[in-house]
Amino acid sequence: MFSLSLAGTLPVQGTVVAGQWDDLYSFLVWLSVFFFILVVGGMIYFAIKYRAQPGFRPKYITGNHALEAVWIVVPTVLLMVIFVWGYVVYRNMVHPPTDAYEIRVIGRQWSWQFQYANGKSLLNEAYVPVNKPVKLVMTSSDVLHSFFIPNFRVKQDVVPGMYTSVWFEATVPGKHQVYCAEYCGTSHSGMLAQIIALTDEQWTAWNAGKPLPEIPVAGETLASTQGQGADAPAAAPKVVSLADKGKQVAQTKGCIACHSADGSKLTGPTWKGIWGAEEELTDGTKAKVDENYIRESILDPHKKLVKPYGPVMPVFKGLVNEDEINALIAYIQSLK
Ligand code: CUA
């Protein structure tokens with residue numbers, strides 16, 4: 001059936017505010033269509049009807065007060081309707097309820113870190129309850145980023161040196177994609193995260209540290225997400241090993257741009273087979289690749305340079321935390 005709402009052409013409506021924005025959007029589109037037809041249609045009609053004809057002299061028109069009043073009043077009323085409507089929805093979007101659940105977010109090149117009040121810290125995924133307001137208090141540790149959740153129709157700049165916030169109340173359980181919406185360097189397009197909206201039951205289980213079932217993409221079922229039949233075996237609870245976490249860190253921190261995992265030579269030494277090796281340094285001494293050497297080489301990479309590499313690696317002091325260093329070490333250990 002034909003519907004005036006264009007919501008079907010837009011991403012999943014994951015919040016109440018998303019529905020309100022979509023209604024305003026549909027109104028603006030149809031209003032534009034109406035005036036487009038009126039103006040362009042009128043133009044074509046008059047161009048044909050009053051085209052140059054032999055023996056016909058056009059009248060010279062100087063003014064029409066009634067017509068002028070109409071084209072002032074009608075657009076003014078329409079613009080005020082759009083302004084007030086937009087203002088009301090904007091207010092709903094920017095003012096979180098006072099009881100919102102807070103999560104802290106740090107944007108950095110090129111990942112999103114989520115910190116919970118209870119000390120939980122997650123990279124590129126945030127678990128939130130459905131039907132409860134959630135407020136993200138955000139900052140950046142390097143450059144300007146922008147936190148964008150299309151399904152929730154909210155977007156907010158993430159700025160170094162200050163806090164900004166965004167809030168939402170997810171109404172659809174499942175995974176909601178997050179994008180960085182401000183160009184922030186090489187891997188800007190890979191600066192992705194997921195908001196995973198959990199049902200009450202799942203939220204309680206997650207907070208108690210219990211494993212969760214596989215969560216589908218919001219608006220889809222697991223079968224369509226995975227492209228399998230409904231009778232596919234239930235997926236085992238996802239347990240990420242420290243080495244796998246390290247692999248993810250290597251991708252999000254951009255390590256893999258210079259350090260290969262397969263032995264190929266890039267800007268920096270490959271990680272394959274490096275664990276436990278004696279490396280010859282540019283100052284003629286040797287160093288054994290162990291936990292302390294890797295840690296030092298991440299935080300202060302120019303101190304012990306492996307021959308023949310130059311001092312080109314950025315200093316990662318303050319850009320990786322102990323969790324991530326441990327994970328990276330475990331990943332390098334796994335690359336035999
Ligand atoms: Cu961060 Cu683009």
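**Figure 1. Buried residues of helix α5 in the predicted model.** In this predicted model, helix α5 spans residues 242-252, and its buried residues are A243, G246, V249, A250 and T252. The elements that cover these buried positions include strand β2 (111-116), strand β3 (121-123) and helix α7. After α5 comes G254, a residue with a positive phi near 85°.

**Figure 2. Packing of helix α6 against helix α7.** Helix α7, formed by residues 322-334, packs with helix α6, formed by residues 291-299; the angle is about 125° and the axes lie 10 Å apart. The two helices are therefore oblique to each other. The crossing in which α6 passes α7 is right-handed. On the α6 side, the contact involves E291, I294, R295, I298 and L299, which meet E322, I325, L328, I329, I332 and Q333 of α7. Sorted by class, this contact comprises seven nonpolar, one polar and three charged residues. Helix α7 is also among the elements that cover the buried residues of α5.

**Figure 3. Strand β2 between its two pairing partners.** Five of the six residues of β2 are buried, so the strand is largely enclosed by the rest of the structure. Strand β1 (residues 101-108) pairs with β2 over six bridges in the antiparallel sense. Within this pairing, I103 has Y116 of β2 as its bridge partner. The hairpin formed by β1 and β2 has two residues between the strands. Strand β2 also pairs with β3, again in the antiparallel sense, and three bridges join these two strands. Here Q113 has L123 of β3 as its bridge partner. Four residues lie between β2 and β3 in their hairpin, and G119 in the turn has a positive phi of about 100°. Both β2 and β3 are among the elements covering the buried residues of helix α5.

Figure 4. K120 is located in the loop that lies between β2 and β3. Its relative accessibility is 26%, and K120 therefore counts as partly exposed. When neighbours within four places in sequence are left aside, K120 is in contact with F114, Q115, W206 and N207.

**Figure 5. The open five-stranded sheet.** Five strands form an open sheet in the order β4-β10-β9-β6-β7, and their pairing is mixed. The edges are formed by β4 (125-129) and β7 (154-158), each of which pairs on one side only. From one strand to the next, the twist averages 25°. In a regular strand, side chains alternate between the two faces of the sheet.

Figure 6. Strand β6 (residues 145-149) runs antiparallel to strand β9 (residues 174-180), to which two bridges join it. Across this pairing, F147 stands opposite C180 of β9, and F148 has Y179 of β9 as its bridge partner. Strand β6 is also antiparallel to β7, with five bridges joining the two. In that pairing, the bridge partner of I149 is V154 of β7. The hairpin of β6 and β7 has four residues between the strands, and R153 takes a positive phi near 55°.

**Figure 7. Packing of helix α1 against helix α2.** Helix α1 (residues 16-49) packs with helix α2 (residues 65-94) at an angle of about 160°, and their axes are 9 Å apart. These two helices are therefore roughly antiparallel to each other. In passing α2, helix α1 makes a left-handed crossing. The residues of α1 that make the contact are V17, Q20, W21, D23, L24, F27, L28, L31 and F35. From α2, the contributing residues are L78, V81, I82, W85, G86, V89, Y90, N92 and M93. By class, the contact of α1 with α2 holds 14 nonpolar, three polar and one charged residues.

Technical notes. Residues numbered from 1 in each chain as written. Predicted model: local features only at pLDDT ≥ 70, side-chain atom pairs only at ≥ 80, totals over all residues. Heavy atoms only, no water. Axes fitted to C-alpha atoms, helices over the stretch in contact; angles between N-to-C directions. Parallel < 35°, antiparallel > 145°, perpendicular 65-115°, else oblique. Left-handed = near helix turned anticlockwise from the far one by under 90°. Contact = heavy atoms within 4.5 Å. Nonpolar A, V, L, I, M, F, W, Y, C, P; charged D, E, K, R; others polar. Pairing = 2+ DSSP bridges. Buried < 20%, exposed > 50% of the residue type's maximum accessible area, 1.4 Å probe, protein only.
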